[in-house]
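Here are my notes for reading this structure alongside its sequence. Please keep the view open as you go through the numbered points.

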Amino acid sequence: MLTSQQQLFLGIDGGGSKCKAVILDAQMKCLGEGIAGAANPFHSVEKAQKSIIDAALLALADAGLGEQQLSQLIAGVGLAGVNIPKYFDLMNAWQHPFQAMHLATDLHIACLGAHNGENGAIMICGTGSVGYVSIDGASLIVGGHGFPQGDTCSGAWLGLQAVQKVLLAADDLGAQTSLTERIYHALDCSDSNDLVSQLCAQGATFYARLAIHVFDAADEGDLVAQQILAQASNYFTAVFHKLMAKDPARISLIGGLQVRLKDWLATDIFSQFSEPMQAPEIGAVLFARQKTQSFT
């Protein structure tokens, strides 16, 4: 058994596309990292568990440590999907290989990381979108209902909106837009039938790849694209105000859309965001340390 000075912590950030692991020592020095497959138990509990172990083993190998060290790790595990009680309970009942496992949502660990373990709020705008605030153990999730039923202002939502506008234009039921040429070119389509054939059974990641065309078209003056982004901005602003009503000390914006989205937000709103202090997987370690200390 490792001594308290030698104790190693595993931080896991698991989502719908990948699972990232880090190994940190008691002084919060990063020793190794690993990335494995999807780890959202909402889609597959077994796959999530396998991805966590795979990522942990890769992180151990990167740290120059052996597989036998799995049983001596204190794991902080943040996962998408466990905000739904059924999947939290399933993952929490897992006979995991670690010394201990402390489970939280991916939102909570991202928030802890962004504010270095302190109170705060985050807004995530990437493939999906959600707002989250945590203050003194009380938390609130705003949005985050998934695609296509929710996730307004996300990359997936923007891509879907673009496709819908293109199809309306093709039927002369909506305004003509430069998005038509952009989307057709991106997907190598010649007409709306080609487009529809490519859309069958596609998920959030596929649509999120089309979001950049909305921003580019809007920047060049396309009114349809600008209307889409105005709707996204209005939703973002409403979520922002709901989070700020809880009076968090800090709020951070996370996700791949933040660079392009900032131009569509009011300056007085964007100026209130602070840079995240740590990555979500570090937040998972901070969570595990908090839980460990509360038990001692």
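1. A word on terms comes first: helices (H or I, at least four residues) and strands (E, at least two) are DSSP runs, numbered from the N terminus. This is a predicted model, in which local features need pLDDT of at least 70 and side-chain atom pairs count only at pLDDT 80 or more, while totals for chains, interfaces and linings use all residues. Residues are numbered from 1 along each chain as its sequence is written, and side-chain values use heavy atoms, with hydrogens and water left out.

2. Helix 3 itself is mostly covered, since 8 of its 9 residues are buried, where buried means under 20% relative accessible area, exposed means over 50%, and partly exposed is in between (1.4 Å probe, protein chains only). The buried residues of helix 3 are Leu107, His108, Ile109, Ala110, Cys111, Leu112, Gly113 and Ala114.

3. Which residues lie closest to the centre of the largest pocket? Of the 39 residues lining the largest pocket, Gly16, Asn40, Ala80, Asp106 and Gly128 are the closest to its centre, and the volume of this pocket is about 1400 Å³. On a 1 Å grid over the protein atoms alone, a pocket is an open set of points where a 1.4 Å probe fits, with protein on both sides within 12 Å along at least five of seven lines, whereas a cavity is a set from which the probe cannot get out; lining residues have an atom within 4 Å of a point. Grid points are joined across faces, edges and corners, and a volume is the space filled by probe spheres set on the points.

4. As for what makes up that lining, helix 3 gives the most, with 3 residues. At least two residues each are supplied by strand 1 (8-14), helix 3 (106-114), strand 7 (129-135), strand 8, helix 7 and helix 12 (280-294). The lining residues of the largest pocket divide into 12 nonpolar, 21 polar and 6 charged, with Ala, Val, Leu, Ile, Met, Phe, Trp, Tyr, Cys and Pro counted as nonpolar, Asp, Glu, Lys and Arg as charged, and the others, Gly among them, as polar.

5. The loop between strand 8 (138-143) and helix 4 (155-170) holds Ser154, and Pro148 has its place in the loop between strand 8 and helix 4 as well. A cis peptide bond joins Phe147 and Pro148, with omega about 10°. Ser154 counts as buried because its relative accessibility is 0%. A polar contact is a pair of N or O atoms within 3.5 Å; within protein, one must be able to donate a hydrogen and the other to accept it, and residues adjacent in sequence count only if both atoms are side-chain atoms. The side chain of Ser154 reaches the backbone oxygen of Thr127 at 3.3 Å, and a polar atom of that side chain lies 2.6 Å from the backbone oxygen of Asp151.

6. Leu210 sits in the loop between helix 7 (204-208) and helix 8 (211-219), and Leu210 is buried because its relative accessible area is 3%. Contact means heavy atoms within 4.5 Å; leaving out residues up to four places away in sequence, Leu210 touches Gly159, Val163, Ile183, Ala186 and Leu187. Although Leu210 and Gly159 are 51 residues apart along the chain, their C-alpha atoms are separated by 4.7 Å.

7. The structure holds 0 disulfides, a disulfide being a pair of cysteine sulfur atoms within 2.5 Å. For Cys30, the nearest cysteine sulfur, that of Cys19, is 14 Å away. For Cys111, the closest cysteine sulfur is in Cys125, and at 15 Å it is too far for a bond.

8. Two further backbone angles deserve a look. Met28, in the loop between strand 2 (19-24) and strand 3 (30-36), has a phi near 65°, a positive value in a residue other than glycine, and Met28 is partly exposed, with a relative accessible area of 27%. Asp188 has a phi near 55° and is found in the loop between helix 5 (179-187) and helix 6 (192-199); Asp188 is exposed, with a relative accessible area of 70%.
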